[in-house]
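Cover its ligand shell, its helices and its domains.

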Amino acid sequence: MKLYYHEISSNARKACAVAKHLALDVDYVAVDLTKGEHKTPEFLAINPNGKLPALIDNGKVLWESNAIMCHLADKAGSDLWPKDERQIDIVRWFCWEQAHFTRHAGTLFFENFIKPAMGRDDINAEAVREATEFLHRFAGVLDVHLEGRDYLVGNALTVADFAVGVVVPLAATGKVPLDGYAEIGRWQAALNELPAWREPFPEKVASAA
Ligand SMILES: N[C@@H](CCC(=O)N[C@@H](CS)C(=O)NCC(=O)O)C(=O)O
């Protein structure tokens with residue numbers, strides 16, 4: 001099973017964290033986004049979207065981080081992707097993070113971290129303002145949902161926690177304003193107890209280049 005990832009990719013971080021948490025036997029392949037390795041014909045043949053992460057398992061190609069996490073959980077026979085009505089709630093959080101929470105956090109991460117890291121100074125102040133406004137709106141929804149709960153769905157860790165939670169470890173770097181959200185902070189402190197959450201990436205990898 002090959003997992004294509006890069007350490008600056010939050011979506012790849014989800015898949016790597018789940019693979020490591022489940023101790024799956026994975027060949028990690030680093031695809032350097034900063035060098036454009038995700039736009040090579042070889043990689044586009046795997047993921048025509050030119051995005052990370054991607055997975056190949058027994059000839060099956062899969063992209064989209066949330067689908068990859070579910071596949072990994074199935075593979076391990078893990079309840080991270082439970083086979084009951086909790087799936088509906090998990091899909092709800094998957095849709096929510098892609099459409100709202102991760103989307104706006106991703107804009108802030110791109111403008112505040114990726115652009116400067118690439119030597120660019122064309123920060124889009126209007127995009128930052130708009131994303132900050134939306135981010136607060138959706139962080140408020142998450143914070144209220146987490147009141148009295150240890151996990152997003154049910155009473156146990158699921159792929160929903162990995163999907164939505166991925167924003168928080170990147171918040172400081174991307175200047176994503178989550179400091180004032182106490183329930184989110186409490187939930188993250190619990191996730192931080194997981195070694196694979198703290199350090200999701202492999203030590204040694206093959207390179208796609
Ligand atoms: N919905 C996709 C989003 C994937 C995505 O946007 N990946 C980013 C890194 S976090 C990427 O590869 N960006 C490179 C590009 O768009 O050129 C998923 O969840 O896997």
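Helix H1 (10-21) and helix H3 (65-76) each supply at least two residues of the shell around the ligand. Helices (H or I, at least four residues) and strands (E, at least two) are DSSP runs, numbered from the N terminus. The shell has 13 residues, and Ser 9, Asn 11, Lys 51, Leu 52 and Ser 65 come nearest to the ligand. A residue counts as near a molecule or strand if its C-beta atom, placed from the backbone, lies within 6 Å of it. By class, the shell holds 3 nonpolar, 8 polar and 2 charged residues. Here Ala, Val, Leu, Ile, Met, Phe, Trp, Tyr, Cys and Pro are nonpolar, Asp, Glu, Lys and Arg are charged, and the others, Gly among them, are polar.

This is a predicted model: local features need pLDDT of at least 70, side-chain atom pairs count only at pLDDT 80 or more, and totals for chains, interfaces and linings use all residues. Residues are numbered from 1 along each chain as its sequence is written.

Two loop residues deserve a look. A cis peptide bond joins Leu 52 and Pro 53, with omega about 0 degrees. Pro 53 sits in the loop between helix H2 (41-44) and strand S3 (54-57). Glu 64 is not a glycine, yet its phi is positive, about 90 degrees. Glu 64 lies in the loop between strand S4 (60-63) and H3.

Now the whole chain. The protein chain has 9 helices and 5 strands. Its radius of gyration is 17 Å, close to the 17 Å that the globule rule gives for 209 residues, so the chain is as compact as a globular protein of that length. That radius is taken over C-alpha atoms, and the rule is 2.2 Å times the number of residues to the power 0.38. The C-alpha atoms fill a box of roughly 45 × 40 × 25 Å along the principal axes.

The chain is divided into two domains, domain 1 (2-80 + 196-207) and domain 2 (86-194). These bounds come from an automatic or database domain assignment. The domain centres, taken over C-alpha atoms, are 20 Å apart.

| Domain | Residues in the contact |
|---|---|
| Domain 1 | 16 residues |
| Domain 2 | 15 residues |

On the side of domain 1 that touches domain 2, H1, H3 and helix H9 (195-198) give two or more residues each. H1 gives the most, with 6 residues. This side has 8 nonpolar, 4 polar and 4 charged residues.

Finally, a helix pair. Helix H4 (residues 86-117) and helix H5 (residues 125-146) pack at about 145 degrees, with axes 8 Å apart. Axes are lines fitted to C-alpha atoms, for helices over the stretch in contact, and angles run from 0 to 180 degrees between N-to-C directions. Residues in this contact include Phe 101 and Leu 108 of H4, and Phe 134 and Leu 135 of H5. The contact has 10 nonpolar, 4 polar and 1 charged residues.

Methods
Two residues are in contact if their C-beta atoms, placed from the backbone, lie within 7 Å.
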